[in-house]
Amino acid sequence: MAKSGIEFKVRRWSDRDARPFDVVALDHDNNRQHYQPGAEFSTEKGAEDHAVLLTKTLKDDPSRSKFIRDCWPVDGGIE
């Protein structure tokens, strides 16, 4: 069964940056990957904690998925 909705994934986007981790929103309904501008982390643990917070926020208020789809930049299709 295909996934639907939005899920969050930690990724290492750089090997040289001081804050190489971020959290992307995988939009399974539209096959898009969105990123949150300015939300970069120096540790994988920091990014994982942020992903947990985003997941809880989306669960508590599902209407926020529209904000993510409309306002977070698209960073390509789901990998």
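**Fold and core of a predicted chain**

The chain exposes about 5,300 Å², and carbon and sulfur atoms supply 50% of this area (Shrake-Rupley method, 1.4 Å probe). The model is a predicted one, in which local features need pLDDT of at least 70 and side-chain atom pairs count only at pLDDT 80 or more, while totals for chains, interfaces and linings use all residues. Residues are numbered from 1 along each chain as its sequence is written, and side-chain values use heavy atoms, with hydrogens and water left out.

Let us start with the overall fold. Two helices and three strands make up the elements of the chain, in the order β-β-β-α-α from the N terminus (DSSP runs, H or I of at least four residues for helices and E of at least two for strands). The C-alpha trace spans about 35 × 25 × 25 Å along its principal axes.

Now for the interior. Of the 79 residues, 32% count as buried, that is, under 20% relative accessible area with a 1.4 Å probe, protein chains only. The largest nonpolar core holds 13 residues, and Ile6, Phe8, Val23, Ala25, Phe41, Ile68 and Trp72 touch the most other members; such a core is a set of buried Ala, Val, Leu, Ile, Met, Phe, Trp, Tyr and Cys residues joined through side-chain atoms within 4.5 Å. Two or more core residues come from each of strands S1 (6–12), S2 (21–27) and S3 (32–41) and helix H1 (44–60), and H1 gives the largest share, four residues.

Leaving aside neighbours within four places in sequence, Val23 is in contact (heavy atoms within 4.5 Å) with residues including Phe8, Val10, Phe41, Ala47 and Leu54.

Conventions: Buried means under 20% relative accessible area, exposed over 50%, partly exposed in between (1.4 Å probe, protein chains only).
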